[in-house]
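Here is a friendly walk through one structure, with its strand pairing and its salt bridges in view. Have a look at the model first.

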Amino acid sequence: MAHTYISRVSSSSGGSLVTLLTNTRDTPLPVLYLQVVPWWLRLYIHTLSLSSVPGEQTPPVEIDNLHVELARDRVSPYTLEMMFTVPPHTTLKFSIQFEPLLLRWNEYPPDAHHGRHIPSGVITY
């Protein structure tokens, strides 16, 4: 099970893109996680972290494989792809900080009151 949300968003300091991954099985679960992030969210790759949710006693989780493609403004999005193993009965928290960029007036979606969307991540077991 996965849940993604954005926290602490402000125009001056940005925010965090957070994904919670839960393994309810009795065995470790190898996961391939793919996240595509639009170019107008400038990601700070050095802030990428993967940890267990506070309060859970689990061994540290390491990313087995990480592939990052950086975005080019108005051309291509960020692509984050990583492999790791979720221990049994554990919830992991993946987070990365970002800064929202200003868009040109013609780059906003047709319904400005609706906001901008970030595509969901893809999880492969």
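## Basis of the report

This is a predicted model, in which local features need pLDDT of at least 70, side-chain atom pairs count only at pLDDT 80 or more, and totals for chains, interfaces and linings use all residues. Residues are numbered from 1 along each chain as its sequence is written, and side-chain values use heavy atoms, with hydrogens and water left out.

Let's start with strand S2, residues 14–23 (strands are DSSP runs of E, at least two residues, numbered from the N terminus). Eight of its 10 residues are buried (under 20% relative accessible area, 1.4 Å probe, protein chains only; exposed is over 50%, partly exposed in between).

S2 runs antiparallel to strand S1 (residues 2–10), with seven bridges joining them; strands pair if DSSP finds at least two bridges between them. Here Ser 7 has Ser 16 of S2 as its bridge partner. S2 is also antiparallel to strand S7 (residues 90–100), through nine bridges, and Val 18 is partnered by Ser 95 in S7.

## Two salt bridges

The whole structure holds two salt bridges (a side-chain nitrogen of Lys or Arg within 4 Å of a carboxyl oxygen of Asp or Glu). In one, the closest N and O atoms of Arg 42 and Asp 73 are 3.3 Å apart. Arg 42 lies in strand S4 and Asp 73 in the loop between S5 and S6, so this pair ties together parts 31 residues apart in sequence. Arg 42 is partly exposed at 31% relative accessibility, as is Asp 73 at 40%.

Glu 107 and Arg 74 also form a salt bridge, at 2.7 Å from N to O.

Terms used: Helix = DSSP H or I, 4+ residues; strand = E, 2+ residues; numbered from the N terminus.
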